[in-house]
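Subject: Structure for your review

Dear colleague,

Please find below the structure I am handing over to you, together with its sequence. My findings follow it.

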Amino acid sequence: MSPGPGAPPGLAGPLAQARAEAPVLAPLLLAVFAASAYFVGPPAWNQNSRLALTRALVEHGSTTIDDYHATTGDKSFRDGHFYSDKAPGTSLLAAPAYALYYALARAVGAERPEVRLVPLDPADEGREPDAKQPGDRLAYNFAYRTALYVCRLGSVTLATVAATAALYLLALARLGARREALLLAATWALATPALIYGAALYGHQLCADFLVLGLAGVLLGQGTRAMAVGTGALLGLAVVCEYPAAVPVALIWLFGAWRRGWRFGLASALGGLGPALVLAGYHTAAFGSPLKTGYDFVYLAEFAEGMRVNYGIHAPDPRVLLELLFGAYRGLFYLAPVLLLAPWGFALELRGWPPAPPDRAEGTWPIRPVALLGLAIAAFYLLLNAGYYMWDGGAAIGPRHCVPMLPFVALAL
C-alpha cells in the first residue's frame with residue numbers, strides 16, 4: 001500500500017522509531033512503569049467487576065460471574081445469572097496475566113483469591129458474602145489483592161508504558177526536539193490522571209492508550225497494509241475497553257483516511273473488524289445479542305433507573321462542565337494544573353504556530369488538522385461527561401470519564 005495524498009514521506013514505522021530512540025526512551029518508560037507499579041489500589045466495585053469477569057473466563061471459561069458477584073455492585077443480571085456490566089476489554093486483556101498467576105498459584109498450592117463477610121453484628125458471623133447487609137463489610141485475602149494487582153500490571157500499566165512511548169514519538173515528530181518530547185510524554189504519564197488510572201483496573205486509561213497508539217499508527221506509520229490493519233485493530237480495542245470510544249475512533253479513522261488515503265482507510269477498517277467480532281461474540285454469549293450490553297441488564301435498581309433513558313446520557317449541564325474543569329471535587333485543572341497550558345497550545349496550533357521544524361520533510365505534521373482532531377475529541381468527552389447522570393464517576397479521583405481524552409490534550413502542551 002502506498003501512502004495517500006499528503007502522507008508523511010520517509011517516516012519509519014513507530015516500532016522502528018521506538019527502537020532507534022530506546023536510549024532516550026528507556027529511562028522514561030522505566031519511571032512510568034515503576035511509578036504505576038508502586039501503587040496498590042484497594043478492591044472496589046469497578047475493579048472487582050472487571051476482575052470477576054477475568055476470573056470467570058480463566059477459571060471456568062464462562063462469562064457469568066456468579067461465584068464472584070458479591071464483590072461488586074457493578075453487575076448485570078440476566079436469565080438467572082450475574083455478569084459484569086462493563087465493556088469486556090480490560091477483563092479480556094488482563095486474562096493472560098491472571099492465567100499465569102492462577103497457574104503458578106495452583107502449582108505451588110497457594111491460597112485462592114477469596115473474600116469473606118465481616119458482619120456489623122458479630123452474632124451474624126458465618127454469613128456468605130452475597131448476604132451482605134448495611135453495615136457489613138467485605139474482607140479480601142492477600143491472594144485476591146495480589147490477583148487484582150497482577151491483572152492491572154499486566155494490562156493497564158503495560159499498555160500505558162507503550163502509549164507513553166507513542167506519545168513521545170508523536171511529540172518528537174511535532175517538535176523535532178528530544179528534551180521537549182520527553183517532557184511532554186512524562187507530563188501526561190506522571191502529572192495527570194493518567195498516572196492514577198494507569199495504576200487501577202479500570203477501562204479509561206486502556207482506552208486512552210489504544211487511542212494514542214492508533215493515532216501514532218496514522219501519523220507515524222509506514223504506508224503498508226500491515227500497519228494500516230494494526231492501526232485499525234488498536235482503535236478497535238479502544239472501543240472494546242470503553243464503548244464511548246466509538247466516537248473518537250471514528251474521528252481518528254476519518255482523519256487517517258484523509259491523511260493516508262482511501263486504501264489506508266479500508267485496511268484500517270478491516271483491522272478493526274477483529275475487535276468488533278470479539279465484542280459482538282461476548283455480547284451474544286453474555287446478553288443474547290451482539291447489540292446488547294451489560295448496561296441493558298443493570299442489577300441494582302438505582303443504577304438501572306439512571307440508565308433507563310439513553311443510558312443515562314442527557315444534554316450537557318454547563319454547571320457540571322465547570323465542575324469537571326475547575327471544581328475541587330472532580331476538576332481536571334484542579335487535579336492537574338499543568339493542563340491549563342493546553343488551551344493556549346490549541347489556540348497557537350490553530351494559527352499554525354510553531355511551524356514544523358525546518359529539518360523535517362514538508363508536510364510531516366499537519367499542525368491545524370491534528371489540533372482540530374484533539375479539540376474535537378476533548379470536546380466530545382467533556383460534553384458527554386457533563387451530560388451523564390452520574391457525572392462524578394462514583395469511586396474515582398478526578399473526572400475519570402475524561403481520561404481517554406488526556407493524551408490529545410497533552411499534545412497541545
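Predicted model: local features only at pLDDT ≥ 70, side-chain atom pairs only at ≥ 80, totals over all residues.

Pro-354 is placed in the loop between α15 (342-350) and α16. The peptide bond that joins Trp-353 to Pro-354 is cis, with an omega of about -5°. The other feature concerns Asn-310, in the loop between α12 and α13 (318-326). Asn-310 is not a glycine, yet its phi is positive, near 55°.

The largest pocket may be of interest to you. About 870 Å³ of space lies within the largest pocket. Its lining consists of 37 residues, and Glu-242, Tyr-295, Met-307, Tyr-388 and His-401 are the closest to the centre. The greatest contribution is that of α16, with four residues. Sorted by class, the lining of the largest pocket comprises 24 nonpolar, seven polar and six charged residues.

I also looked at two pairs of packed helices. Such a pair is described by the angle between the axes and the distance between them.

Helix α9 (residues 225-241) packs against helix α11 (residues 262-287) at an angle of about 40°, and their axes are 6 Å apart. The crossing of α9 past α11 is right-handed. On the α9 side, the contact is made by Arg-225, Ala-228, Val-229, Thr-231, Gly-232, Ala-233, Gly-236, Leu-237, Val-239 and Val-240. From α11, the residues in this contact are Phe-264, Ala-267, Ser-268, Gly-271, Gly-272, Pro-275 and Leu-279. The contact of α9 with α11 has 10 nonpolar residues, six polar and one charged.

In the second pair, helix α5 (residues 142-175) and helix α6 (residues 178-190) cross at roughly 145°, and their axes come within 8 Å. The crossing of α5 and α6 is right-handed. Residues of α5 in this contact include Thr-160, Leu-167, Tyr-168 and Leu-175, while those of α6 include Arg-178, Glu-180, Leu-184 and Trp-188. By class, the contact of α5 with α6 divides into 12 nonpolar, two polar and two charged residues.

Yours sincerely

Terms used
Residues numbered from 1 in each chain as written. Heavy atoms only, no water. Axes fitted to C-alpha atoms, helices over the stretch in contact; angles between N-to-C directions. Helix = DSSP H or I, 4+ residues; strand = E, 2+ residues; numbered from the N terminus. Left-handed = near helix turned anticlockwise from the far one by under 90°. Contact = heavy atoms within 4.5 Å. Nonpolar A, V, L, I, M, F, W, Y, C, P; charged D, E, K, R; others polar. 1 Å grid on protein atoms, 1.4 Å probe; cavity = no way out; pocket = protein on both sides within 12 Å on 5 of 7 lines; lining within 4 Å. Points joined across faces, edges and corners; volume = space filled by probe spheres on them.
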